[in-house]
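Me: Please take a close look at one helix pair in this structure, and explain the terms as you go.

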Amino acid sequence: MKNTELLIKPVSYDCNLECGYCFYKGTEKLYPGGSHRMDEAVLERVISRAFDYSDGGVAAFSWQGGEPLLAGADFYGKVFALQKKLGGAGRRVANSIQTNGALLDEGILGLIKEYNVFAGLSIDGNEAMHNRYRNRSFGAAMEAAGKLKARGIDFNVLTVINDFNAGRAEALYNFYREKGFEYVQFIPCFELGPAGRPALFSVKPSEYGKFLCSFFDLWHNDGNPEFGVRFFDNVLEALFGAEPGYCGFKDSCRDYLVVEYNGDVYPCDFFVRKEWKLGNIMENTLSELYERQLAGFSRLKSLVSPACASCEWFSICKGGCPKYRETAGGRYDAPDYFCEAYKKFFGYAAKRLKGMIRLRSGQ
């Protein structure tokens, strides 16, 4: 019995917005022009391969983009019909979708509700924060949040922490509380610009560290926070001795595979590059593809710098994410770009986080 997670790009990098910091737009170099909608033959093979590999375990399908809702309600109707047809009774299936919310119509909402799809909604904070890089889409995002709440659909909020909202931790915290969001996820923004320097929208490590500490002070609430924050939960997991949910804090990069619209498979959505292509779902089994991931890409995580290996916080971050090592230092054994931020936060919050563990365990 095995579990598998596939991060599927049903329309590749295509999107109805033009977010200023989008990293996945670079995939256009691999798949220029034309239609990028996954056809039914590829879709059916993706689902059948996942079921064959999981062999009684959980087959998890994460639908992302670009903007995955561009595929339309008919596409997702086929997804769930194929899962029922190919999975049979008793099959354990999980679906999630990450969306900007602008295309969340009644057809999609009905399917998400009926098939218990977990939704992630991209919102970067209040109107000024959100519209800074997300093409004035705040109204559409908040309308989508209202629709999901009205239907009783579970969702979390994904917030990209950039150069603008990083200095507004209190305003962001108050926004989450005001809107009643129950679970939020931070993605720190860092990309290189044309000159090989950090793009202007990138958050500096010192700014991200200060943001995490300031937000934590507001969130902690004497060990009884009012909503969940994935990053804080991940650090709690690591301090407790469990494996963190964030792949960048794990021992190796092996959590999932990325499936592009045409069936091409990659080891990570940060590494959808020609040199890292593992194969194609139409030609290769998931066993073959996971073996290729394990033989090459997964080993990048172990290439830590001596400074990381001797760091007191290595047991939490495990050297960080290879993407942030490579982009910042040009090498996979360089420190994570956000190393300074992590060390600042761990030193600042570890005592209180450990107190939360004791409180929750009744010690």
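**A helix pair in its chain**

Reply: Of the chain's 363 residues, 53% count as buried, where buried means under 20% relative accessible area, with a 1.4 Å probe and protein chains only. This is a predicted model, in which local features need pLDDT of at least 70 and side-chain atom pairs count only at pLDDT 80 or more, while totals for chains, interfaces and linings use all residues. Residues are numbered from 1 along each chain as its sequence is written, and side-chain values use heavy atoms, with hydrogens and water left out.

The chain holds 13 helices and ten strands, which are DSSP runs numbered from the N terminus (helices are H or I, at least four residues; strands are E, at least two).

Now to the pair itself: the axes of helix H8 (residues 230-240) and helix H13 (residues 339-361) come within 9 Å and cross at roughly 70 degrees, the axes being lines fitted to C-alpha atoms over the stretch in contact, with angles running from 0 to 180 degrees between N-to-C directions.

Contact means heavy atoms within 4.5 Å, and on the H8 side it involves Phe231, Phe232, Val235, Leu236, Leu239 and Phe240. Their partners in H13 include Tyr342, Phe345, Phe346, Leu353, Lys354 and Arg360. The residues of this contact divide into 13 nonpolar, no polar and two charged; Ala, Val, Leu, Ile, Met, Phe, Trp, Tyr, Cys and Pro count as nonpolar, Asp, Glu, Lys and Arg as charged, and the others, Gly among them, as polar.

Notes. Buried means under 20% relative accessible area, exposed over 50%, partly exposed in between (1.4 Å probe, protein chains only).
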